[in-house]
Amino acid sequence: MAAIAPERPGRATESAARVILAGGHEGGSAAGAVHPGRPLAEAVRAGLAASSEPVCVVPMTLGRDPGLIADCARALRWLSREAEPGRLALAPPFATVDHLTAWLRTAALKAVRAAPDSSAVLVTAPAAGPFQDADLFRVARLVRQYGHHRWVEVAFDGGDPDLAEGAERCRRLGAGHVSLIRAAFAPPAELPAGVLDTGPLLSDAAIAQVVRARSQEALHRLAHGQDGVAEGLDAEHGHGYAHSHGPGGGHHHHDHADPDAHHTHAHAHGEGHRHAHGQGHGHPHGHSPH
């Protein structure tokens, strides 16, 4: 699988828009994002009032936060009642799990190049929920499967196992060197002794290029009457506990009418409701993140 290269500047046709980044548990605030709920609603309203340009929201997830996408969609659905048609757009998420896996593979190759036989990779991210955390173990397994690393372990900033426990496991397995790679935008709160922090997963320039491509794709769709909200509302399907809809299979989606109240509950529908919403596809593909 080839590594994914960030989009080149100018690859997408430039269009005027106000772009707002929304971030969740993956530390999107480190990339300049606001949290969904009241901060996002206020930012969107300010963007609408500032000019007649469309306002585009980009969910800053690396593929492990479908709830963020759904929260953004719910906020925009509500805010659209205050805006003229064609003023609001929800962009595709910053990345999918496939993109994250490819970027981590590239970072892992660089981290262990000096001593491949004695180096371990510790994949880390802020702790979230059981399903989001389980996703990281799956991603790390793919990094090891499709790479040439003897040890690829997982640890969570503020979770179980924590960073110190993850580093200790690497050493007990026989690693002489432990390199931390981030599956998140935010740096770890504290680095264990003797662990090398390899730095941000993506450079600021690379992040800006991907955001540009996502927003341009959203504006292209908006010009054809698609604001991305319906797809975003469906983002949590297939992620989380499976549950029965009872006789007839019907189910009801609550209208989270107020974006000022941040709702993150996910009533996902298991494998029987698998929708294409940017999650991984079994193993990573070497495609560009757009």
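**View A. Asp133 in helix 4 of the predicted model.** D133 lies in helix 4 of this predicted model. Buried or exposed: which is D133? At 15% relative accessibility, D133 counts as buried, because the cut-off for buried is under 20%. Leaving out residues up to four places away in sequence, D133 touches R64, P126, A127, A128 and F156.

**View B. The largest nonpolar core.** This core has 41 residues. M60, F94, L104 and V123 have the most contacts inside it. Elements giving two or more residues to the core are strand 2 (55-60), helix 3 (97-112), strand 4 (119-126), helix 4 (130-145), strand 5 (151-157) and helix 6 (204-223). Which of them gives the most? Helix 3 does, with eight residues.

**View C. Contacts of Val123.** Neighbours within four places in sequence are set aside here. V123 is then in contact with L104, L136, A140, V152, E153, V154, A155, I181 and A183.

**View D. Helix 2, residues 66-79.** Helix 2 has 14 residues. At 1.5 Å a residue they should span 20 Å. The end C-alpha atoms are 20 Å apart, which agrees. Why is helix 2 largely enclosed by the rest of the structure? Twelve of its 14 residues are buried. They are P66, G67, L68, I69, A70, D71, C72, A73, R74, A75, L76 and L79. The cover over these buried residues includes strand 1 (18-23), helix 1 (38-50), strand 2, strand 3 (88-90) and helix 7 (229-233).

Definitions and conventions:
Residues are numbered from 1 along each chain as its sequence is written. This is a predicted model: local features need pLDDT of at least 70, side-chain atom pairs count only at pLDDT 80 or more; totals for chains, interfaces and linings use all residues. Side-chain values use heavy atoms; hydrogens and water are left out. A nonpolar core is a set of buried Ala, Val, Leu, Ile, Met, Phe, Trp, Tyr and Cys residues joined through side-chain atoms within 4.5 Å. Buried means under 20% relative accessible area, exposed over 50%, partly exposed in between (1.4 Å probe, protein chains only). Helices (H or I, at least four residues) and strands (E, at least two) are DSSP runs, numbered from the N terminus. Contact means heavy atoms within 4.5 Å. The expected span of a helix is 1.5 Å times one less than its number of residues.
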